[in-house]
Amino acid sequence: DEFYPHDGRIADLRLYDSCLDISEIQVSAAAGADRATREAWTDAVFEWTIPPYLTWPRPDGVSVLAETRLPGRARLSVRKDSNAAWREFEPAENAPGTIHEFVVRELEADTKYFYRMSVTEAIGGREETTLTSEQRSFRTAPDADDRAFTFTVISDSQTQGDVAKRVSDLAFEHRPNFVVHCGDLVDTGSTHTDWTETFFP
C-alpha cells in the first residue's frame with residue numbers, strides 16, 4: 001500500500017492444505033536461509049526524491065539534507081564565492097542510506113557559498129549510478145547583533161502546495177536571509193507523499 005510498497009521479486013510461494021508443525025516450519029525456513037544475506041533486488045530507479053535543501057543557518061555553517069529513492073553514499077562539496085577550491089564534507093551518518101544529512105561548520109559569517117551534493121548508488125549487483133545536484137548557493141548568518149536582515153514567515157501550507165508556491169515566490173522576490181515556517185508543513189507528517197509531492201515541490 002502507500003505506506004509499505006513492495007519493491008522487489010518474490011523468491012517462491014508455497015500453499016499448504018494443512019497447518020505445518022514446528023519441525024516442518026523449521027525445515028522450510030532453513031531451505032531459504034541463504035536468501036537473508038543476498039543483496040536486495042529492486043526495479044526502482046536511483047533518483048532524487050528530495051533534492052538538496054538547507055536548514056539551521058548559523059554564522060559558522062548550515063545543515064544540508066537530501067533524499068534519494070534508493071540507498072547511496074553521499075558527498076557534499078562547498079566553496080566560498082571568492083574561492084575556486086571546493087571543500088569536501090562527511091555526512092552525519094557514513095553508512096549508505098536514503099536520507100543524506102551534512103552538518104557543515106567552520107565557515108565564515110555573513111559570506112556567500114556554493115554547494116553541490118553527489119550520491120552514488122549503494123545497491124549490490126547493479127551498475128553504480130551517481131547523482132549530482134545542481135550547484136546552489138547560500139549565505140551564512142551574520143555574527144553581529146546590529147546587522148539589518150530580511151526574513152519571511154509562512155504557516156499552514158498543509159495540502160495547499162500551489163498556494164504555498166505562490167506565497168514563497170513572492171517572498172523570494174525580497175531575497176530573505178531566512179524563512180520561518182510556524183507549523184503544519186503538510187497535512188499528515190507520516191504520509192511520505194505529502195512531503196515529496198506537495199511540500200518540497
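Modeller: What follows takes the backbone first, then the cysteines and the chain as a whole. The model is predicted. Most residues other than glycine have a negative phi. Trp56, which is not a glycine, has a positive phi of about 50 degrees. Trp56 sits in strand 1, which covers residues 48-58. Arg175 lies in a loop, between helix 2 (161-172) and strand 9 (178-181). With 53% relative accessibility, Arg175 counts as exposed.

On the cysteines, the structure holds 0 disulfides. Cys19 is exposed, at 76% relative accessibility, and Cys182 is exposed at 57%.

As for the setting, the chain has 3 helices and 9 strands, in the order α-β-β-β-β-β-β-β-β-α-β-α from the N terminus. Its radius of gyration is 23 Å, whereas a compact globule of 201 residues would have one near 17 Å. Along the principal axes, the C-alpha atoms fill a box of roughly 75 × 40 × 25 Å. Of the 201 residues, 26% count as buried. Among contacts with a separation of 6 or more, 67% join residues 24 or more positions apart. The chain exposes about 13,900 Å², and carbon and sulfur atoms supply 51% of that area.

How values were computed
Residues numbered from 1 in each chain as written. Predicted model: local features only at pLDDT ≥ 70, side-chain atom pairs only at ≥ 80, totals over all residues. Heavy atoms only, no water. Disulfide = S-S within 2.5 Å. Buried < 20%, exposed > 50% of the residue type's maximum accessible area, 1.4 Å probe, protein only. Helix = DSSP H or I, 4+ residues; strand = E, 2+ residues; numbered from the N terminus. Rg over C-alpha atoms; globule rule 2.2 N^0.38 Å. Contact = heavy atoms within 4.5 Å. Areas by Shrake-Rupley, 256 points an atom, 1.4 Å probe, with all protein chains shown as cover.
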